[in-house]
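Below is a short briefing on a two-chain model. Please read it with the sequence and the structure open beside the text.

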Amino acid sequence: MPEKTVTVGSKVGLHARPASLFVQAAARQPVKVRIAKAGGDPVDARSILLVLGLDARGGEEVVLSAEGVGAEQALEELATVVATDYDAEAA
Amino acid sequence: MARWLHGLGVSGGEAVGPVARLAPPPALPPVTDHIVAVADEAARAVGALAAVAEDLQYRAATVDGAASDVLIAQSMIAADPVLMDGVTELVEAGQDAPHAVDAAMAEHRRALEAAGGYLAERAADLDDIRDRAVARLLGLPMPGIPSCWSPVIWRRQTRQRSIRPGCWRS
């Protein structure tokens, strides 16, 4: 299954606005994407409750995975969202 | 005379203003034993959460900045597909809609509280959503923030005490 490891760019972590933007982006994908902390259980990326529950902090690595047609592109797009520093953007 | 109120601040910073008390959360009715039409009951439960999500989305559009972000996140929680699936499973296992919503939210609340820190603070959001969805299912007045014309400090004394400074106009 295609996977992509990416470092969380926002200092706040995958919480608050970065989490909302990530989940909204995941819901737009044609394939189901899962997200896990390194070594952890993957969860549905479209669930804000499960994504928040990962408690991924800024600077930590997460692993995105997806399967099916368009998986690579979906991972690419979501990796960009994870890696973006939304704190800097808001300032 | 000074009086101290203790609780969890829902928003950061300091604020001065009159204190208003939120309506108490809706109580659950006795358990309905025999759900005849399970599919209808599940649709009712999921529909209540979807309606709450829509209402929060609408409120988010009427404010800016951090307040809007919080309401958008709350709206997404109410519409969370994993939450919806959990509620549906509970109805299929024999629970009525209000109890299924209550139980599903309680499960996620425990998970967030266990994580502590920022996530524990989000547990108060789950209470808001639970209260709104249950009130809708029971035909009770909607709890939460009513319209107000001057900033007030909201105080809610429930399962978890919280003090919410600020005012949403709707």
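**The sheet of chain A**

Arg34(A) stands opposite Ser65(A) in β4(A). The model is predicted: local features need pLDDT of at least 70, side-chain atom pairs count only at pLDDT 80 or more, and totals for chains, interfaces and linings use all residues. Residues are numbered from 1 along each chain as its sequence is written, while chains are lettered from A and ligands numbered from 1 in the order in which they are written. Helices (H or I, at least four residues) and strands (E, at least two) are DSSP runs, numbered from the N terminus.

- Chain A has an open sheet of four strands in the order β1-β4-β2-β3, with antiparallel pairing; two strands pair if DSSP finds at least two bridges between them.
- The edges are β1 (3–7) and β3 (43–44) of chain A, each with a single partner strand, so one side of each has no neighbour in the sheet.
- β1(A) and strand β4 (residues 61–66) of chain A run antiparallel and are joined by five bridges; in β4(A), Lys4(A) has Leu64(A) as its bridge partner.
- Helix α3 (residues 71–83) of chain A packs on the sheet and touches β1, β2 (33–37) and β4 of chain A. The direction of this helix makes about 155° with that of β4(A), where axes are lines fitted to C-alpha atoms, for helices over the stretch in contact, and angles run from 0 to 180 degrees between N-to-C directions.
- β2(A) pairs with β4(A) over five bridges, in the antiparallel sense.
- β2(A) is also joined to β3(A), by two bridges, and these strands run antiparallel. In β3(A), Asp44(A) is the bridge partner of Arg34(A).
- A hairpin is formed by β2(A) and β3(A), with five residues between them. Gly39(A), in the turn, has a positive phi of about 85°.
- In a regular strand the side chains alternate between the two faces of the sheet. In β4(A), Val62(A), Leu64(A) and Ala66(A) make up the covered face, and Glu61(A), Val63(A) and Ser65(A) the uncovered one.

**Where chain A meets chain B**

- 14 residues of chain A are in contact with 16 residues of chain B; two residues are in contact if their C-beta atoms, placed from the backbone, lie within 7 Å.
- On the side of chain A that touches chain B, the elements giving two or more residues are α1 (16–27) and α2 (48–54) of chain A. The largest share, five residues, comes from α2(A).
- This side of chain A consists of six nonpolar, four polar and four charged residues. Ala, Val, Leu, Ile, Met, Phe, Trp, Tyr, Cys and Pro count as nonpolar, Asp, Glu, Lys and Arg as charged, and the others, Gly among them, as polar.
- Val23(A) lies in helix α1 of chain A. Val23(A) is buried because 28 other C-beta atoms are within 10 Å; the cut-off for buried is 20 or more other C-beta atoms within 10 Å, for exposed 12 or fewer, with partly exposed in between, and C-beta atoms are placed from the backbone.
- Not counting residues up to four places away in sequence, Val23(A) touches Ala45(A), Arg46(A), Ile48(A), Val51(A) and Met76(B).

**Chain B**

- Chain B has five helices and four strands, and from the N terminus on its elements run β-β-α-α-α-α-α-β-β.
- Of the 170 residues of chain B, 36% count as buried.
- Helix α1 (residues 38–61) of chain B has 24 residues and reaches 35 Å from its first C-alpha to its last, close to the 34 Å expected; the expected span is 1.5 Å times one less than the number of residues.
- Buried residues in α1(B) include Ala45(B), Leu49(B), Val52(B) and Leu56(B). The buried residues of α1(B) pack against α2 (65–78), α3, α4 (97–115) and α5 (117–138) of chain B.
- α5(B) is followed by Gly139(B), which has a positive phi, near 70°.

**Confidence**

- The model scores ipTM 0.90 and pTM 0.80.
- Chain B averages a pLDDT of 82, and 81% of its residues score at least 70; pLDDT is the predictor's confidence in each residue, from 0 to 100.
- Within chain B, confidence is highest in helix α3 (residues 81–92), at a mean of 96, and lowest in strand β4 (residues 162–166), at 46.
- Over residues 160–170 of chain B, pLDDT stays under 50. Where pLDDT is low, the predicted coordinates should not be read in detail.
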